[in-house]
Amino acid sequence: MLRHKFRLLLMIEVMSACILLLTCFQQEKRICTVLGENIQNQLIETEGYTEYIGEEMELTPGVYRIRLKAHLEEGQSFFAEVRHNGAYFKALRNNGAALMPSETEKQFYVYVLDKVNTAYIYCGFSGIDANAQFSLEVYRTGIGNRLLFFIVLCFYAALDFFLWFRRRILAGSITAKQQTVFWTLTIGTLLAFFPYLTDYISITGDIGYHLSRIAFLKDALQQGAAFPIRVQGTWLDGHGYAASVFCGDLFLYFPACLMWLGFSVMTAYKIFVFIVLAAGAWIGYHCLYQCLKDTYAALFGSMMYLLAPYRIFNIYNRGAVGEYLAMTFLPLICCGMYLLYSKEPTSRDYGKYKWYLIWGMSALLQSHIITTEMVTMLMALICVALWRKTFRRKTFIQLLETVGIVLLLNMFFWLPLVYMMQADRYQFQTWIQNEMINGTVLAGALQLLPNKGGAQTGMWNCEPIQLGAAALLMLLAYLLWRIKRREVGKACRSFAILTVLTLVLSTEYIPWNMIMKLPVIGFFVGALQFPFRWMAPASFFAAAFSAFFLFELREEEGPYSKMLIGIAALVVFFSAVYHVNDCAFQASPIFLYNAENMGTTGIVNGERLLEGEDRAELKFREPVAEADLLWKDYEKKGTTVDIFLENKSSQTRYLELPLVGYKGYKAEDMSGGGSLVIAQERGAHGDLRIEVPGGYQGRIHVSYKGFPLFCIAEAASLISILAVLGNKVMQKRKVQNENREA
């Protein structure tokens with residue numbers, strides 16, 4: 001009976017979803033147009049500024065696209081926004097957008113959640129009056145229907161899951177322990193996500209930069225850029241920035257696609273953070289359970305890691321997307337290493353353990369290069385320390401296979417990165433050579449309660465960098481345990497040692513600046529930038545140590561062990577509550593709906609710019625041609641430029657395009673005359689420079705193609721992925737056949 005009802009519900013869901021899907025393809029409808037030539041008598045003049053306030057109009061729930069067009073000169077700007085008089089709270093949401101010199105067109109979206117009868121267009125002009133060359137158009141789009149379709153699908157998926165979950169509980173297929181794990185991890189994920197259970201965001205640390213990465217990745221996808229995207233063309237007022245070459249963007253395609261679907265940049269990022277937290281909770285639990293085979297010890301460790309102060313600090317204080325993404329996958333690597341070194345090589349499943357390392361290292365490489373560097377060092381240290389087990393034939397083969405498969409799967413990313421680093425000089429290379437790095441002080445790392453708002457001992461930028469009260473409590477209990485000459489397992493001791501080691505490495509007591517002067521090693525140490533990043537592996541080592549220690553304590557019958565376990569669990573929970581509450585209410589709220597309002601120059605220190613390039617000079621500009629070289633019909637779309645050229649001289653002339661002169665651009669004659677040469681010497685602002693032969697006349701197409709080596713790397717990765725998937729399918733069929741025969 002229940003199954004019949006469930007099938008009926010599924011049919012209703014599918015039918016309603018199909019009806020909603022049909023509404024997603026409706027055409028845009030223009031509902032309002034404002035022309036500069038028609039509003040001259042409606043302008044409000046102030047000192048150096050002109051305003052226009054349009055007539056009130058009615059907007060029904062949905063998403064509206066506003067397109068601005070104007071021809072501006074240096075020192076001029078044009079801002080537009082949709083406002084309202086007395087609508088319901090947050091019924092109409094947008095930030096507007098500004099059109100700058102050399103930009104001829106821009107668009108932004110307006111989100112209307114309830115009927116607004118008093119909406120109107122607001123325009124502000126700086127340095128100019130509105131004129132006949134200005135126009136603004138308002139379109140009603142189908143984005144609102146697409147968002148509704150997506151939300152309904154998510155609701156149906158959640159409803160079906162909980163109905164299935166309930167049915168499995170009633171059937172006895174899900175035990176009380178499994179229910180405890182599910183609800184504890186769910187509550188822990190929501191607790192960690194608490195600061196984003198709001199209708200605003202706080203732009204602290206590098207969050208603005210990573211929001212731009214997501215938004216400009218979406219722009220590149222819309223502009224038709226091929227995967228994987230190497231240079232995002234929206235950065236630096238259209239000059240482009242090679243963030244995607246040096247930073248793994250693989251996981252950021254998800255929020256970028258959410259933006260492409262129609263979500264605001266703020267909402268897309270929040271959904272991404274929630275998914276990362278949920279994935280991290282389950283990955284941490286699964287990996288610790290595989291090591292311990294104890295539900296409650298694994299659950300305690302995963303919660304401790306999920307709510308670790310340094311993890312929350314990375315999400316909400318620093319906005320270190322790459323680092324907290326990397327922390328999500330650290331348990332996979334630790335689990336793989338533990339299983340390879342603790343299990344017998346003759347066991348049936350021994351060959352499967354390397355896949356924890358493969359998926360963990362691949363995800364780490366796609367998340368954060370610096371964390372990958374640190375983890376690789378730690379793995380090498382463990383391999384040397386346990387050299388007897390490392391050089392067991394089967395273990396050594398598994399490690400070699402891991403390295404080979406990881407390199408092949410991720411060749412599309414790391415090979416272009418290595419090639420580009422040796423092909424040119426970038427600002428981060430100069431920064432590494434000249435920068436002084438300092439760790440945190442031990443007093444800060446050992447502080448009990450995190451706090452976002454106030455300056456405390458041992459803080460970086462007045463923010464908390466600490467191991468956490470629960471981890472310190474467990475380390476203290478472990479120390480007292482050993483003082484009493486009580487024995488613990490090798491794994492527990494090893495994780496305790498690794499926790500202390502990485503904690504010390506995060507401090508200023510290591511002579512980092514002296515090490516930086518050493519050849520080769522100094523470069524990698526300088527790339528670390530901030531030694532406190534060692535707190536990422538330290539946080540997981542502390543959680544793993546605590547899980548193993550808790551497992552051993554639970555075997556004790558005395559009341560003190562149970563008391564310690566209870567206190568530690570409470571400390572984890574209440575410390576996290578204090579921390580996320582502080583993050584939520586100390587942050588400055590920003591209502592960010594339109595990525596266009598963020599600007600395009602927020603590239604932190606500009607590490608991926610070419611050496612000697614001044615980002616202040618990378619402004620909107622038109623092409624610059626030498627004498628006798630004429631150009632017209634200039635069209636620019638991201639990193640792609642189409643332009644007609646005529647060289648009236650018999651000598652070679654040069655054209656400078658407003659694109660950062662990264663190596664890998666190609667200039668092709670659209671009439672089929674072959675390729676033009678990209679000059680080695682860059683333009684006045686580091687711009688791309690093209691040699692135009694004497695007497696040339698024709699239209700050229702300029703785009704970022706990379707190098708043939710990039711295509712080889714991409715093909716190798718694709719073949720490797722297909723080979724891995726094919727091998728998994730074959731192994732699964734083999735197991736099924738063996739089970740049938742048995």
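Let me start with helix 9, residues 295-306. At 1.5 Å a residue, its 12 residues should span 16 Å, and the end C-alpha atoms are 16 Å apart, which agrees. Keep in mind that this is a predicted model.

Is helix 9 enclosed by the rest of the structure or open? Of its 12 residues, 11 are buried, so helix 9 is largely enclosed by the rest of the structure. Among the buried ones are Leu-299, Phe-300, Met-303, Met-304 and Leu-306. Buried here means under 20% relative accessible area. At the N-terminal end, helix 9 is capped by Asp-294, which has a side-chain oxygen 3.4 Å from the backbone nitrogen of Tyr-296.

Next, the sheet. Strands of a sheet pair through backbone hydrogen bonds, and they can do so in a parallel or an antiparallel way. In this model there is an open sheet of eight strands with antiparallel pairing, in the order 12-15-18-17-16-19-14-13. The edges are strand 12 (624-625) and strand 13 (629-637); each has a single partner strand, so one side of each is left without a neighbour in the sheet. Glu-656 stands opposite Arg-689 of strand 18.

Asp-628 counts as partly exposed, at 42% relative accessibility.

Leu-236, in helix 5, also has a positive phi, near 50°. Leu-236 is buried, with a relative accessible area of 0%. In the loop between helix 4 (207-222) and helix 5 (235-238) we find Pro-228. A cis peptide bond joins Phe-227 to Pro-228, with omega about -5°.

Last, the surface. Which residues form the nonpolar patch? They are Met-377, Leu-518, Val-520, Ile-521, Phe-523 and Phe-524, together with about 550 Å² of accessible area. Helix 22, residues 521-527, gives the largest share, three residues. Phe-523 is in helix 22, and at a relative accessible area of 31% Phe-523 is partly exposed.

That is the end of my part.

Methods:
Residues are numbered from 1 along each chain as its sequence is written. This is a predicted model: local features need pLDDT of at least 70, side-chain atom pairs count only at pLDDT 80 or more; totals for chains, interfaces and linings use all residues. Side-chain values use heavy atoms; hydrogens and water are left out. Helices (H or I, at least four residues) and strands (E, at least two) are DSSP runs, numbered from the N terminus. The expected span of a helix is 1.5 Å times one less than its number of residues. Buried means under 20% relative accessible area, exposed over 50%, partly exposed in between (1.4 Å probe, protein chains only). A polar contact is a pair of N or O atoms within 3.5 Å; within protein, one must be able to donate a hydrogen and the other to accept it, and residues adjacent in sequence count only if both atoms are side-chain atoms. Two strands pair if DSSP finds at least two bridges between them. Patches are made of residues with over 30% relative accessible area and no salt bridge: like charges are joined within 9 Å, nonpolar side chains (Val, Leu, Ile, Met, Phe, Trp, Tyr) within 5 Å. Accessible areas come from the Shrake-Rupley method with a 1.4 Å probe; for residues, only the protein chains shown count as cover. A salt bridge is a side-chain nitrogen of Lys or Arg within 4 Å of a carboxyl oxygen of Asp or Glu.
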